[in-house]
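Here are my notes on the ligand site. Please read them with the model open.

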Amino acid sequence: MKLTRRTVLGRALALGFAVCSMAGSSAAFAAKPLVMGFSQVGAESEWRTANTASIKDAAKKDGVTLKFADAQQKQENQVKAIRSFIAQKVDVIAFSPVVESGWDTVLQEAKAAKIPVILTDRAVNVTDKSLYVTFIGSDFVEEGHRAGRWLLERAKKTPDATLNIVELQGTVGSAPAIDRKAGFEQEIASNPKLKIIRSQTGDFTRAKGKEVMEAFLKAEGKKINVLYAHNDDMAIGAIQAIEEAGLKPGTDIIVVSIDGVKGAFEAMIAGKLNVTVECSPLLGPQLMQIARDVVAGKPVPKRITTEEGVFPAEVAAKEFPNRKY
Ligand code: GYE
């Protein structure tokens, strides 16, 4: 007889019951804790720090044994981590892929080892969708649309003016950078007065955001009317560059960004950031729940989308006390 995971579990349970009733104590059969291997992108932003904390806290609360590996923004480190989780025979692998492509081989190895894979936060680009069970995270294209829609509304205040936009992109090849760019571009295409004049990666970090904004300011100076940053950290770095160039962020240059971290709310309250589109990093509890379902063989949806809002500067002070990250 072929022993599937379920029959083994069924037998273990039956045995457990027998032992329990014989011994008259439920302590005789304690369930084995679920073991999860998690490969995190890195620690590049406030968002990521909150995401890591959410996953670690949820694992602790849920009694999940978490093997956590930080990839320092390098795909090769993630591949190594996943291979080591396979070698350790964890029950489930979860990871947030730094970039979209290049995952086929390692995910095939996980599949061959019969270890289910859950994607969190970022998507992968694989032709064989059976290489992962589900993807939990935000709709990044929609976030780009939301940022663009806010700007279209704002542009109505100055209908005759051309708005020159500089864009700070996230990590090259990452799902949020690709999708946030696409969603924003699709949205602003309806108004020819909105033009992206420069676009470059700032790798989702404050330091890089500042550095690239300095270069934009050097090249374009006062021609820049709007900054669209793919995350709050780059926007915060860029705000410093704008101030150092003697301009007023939020006034001389409209600043639009994504994530909704506390730092962004502080910048909005200070009048330096105009809007942040929310992207929730609090994925831990949902991830643990789904992991349990997957390991128990329950069907789960292929895509689980996080619900989020938009916070313009006008509501920042009121919303700030409610922010959890
Ligand atoms: O927006 C950024 C982080 O993948 C959604 O990664 C995440 C992004 C987030 O570094 O701040």
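**Notes on the ligand site**

1. The ligand lies between domain 1 (33-138 + 281-306) and domain 2 (140-279), because both give residues to the shell around it. Domain bounds come from an automatic or database domain assignment.

2. This is a predicted model: local features need pLDDT of at least 70, side-chain atom pairs count only at pLDDT 80 or more, and totals for chains, interfaces and linings use all residues. Residues are numbered from 1 along each chain as its sequence is written, and side-chain values use heavy atoms, with hydrogens and water left out.

3. The shell has 13 residues (a heavy atom within 4 Å of the ligand). Glu44, Asp121, Arg122, Arg180 and Asp259 come nearest. Helix H2 (46-62) and helix H6 (175-188) each supply at least two shell residues; helices are DSSP runs of H or I, at least four residues, numbered from the N terminus.

4. Which side chains place a polar atom by a ligand oxygen atom? Glu44 does, at 2.4 Å. Asp121 does, at 2.7 Å. For Asp259, the distance from a side-chain N or O atom is 2.6 Å.

5. The protein covers 100% of the 300 Å² of accessible area that the ligand has on its own (Shrake-Rupley method, 1.4 Å probe).

Technical notes:
A polar contact is a pair of N or O atoms within 3.5 Å; within protein, one must be able to donate a hydrogen and the other to accept it, and residues adjacent in sequence count only if both atoms are side-chain atoms.
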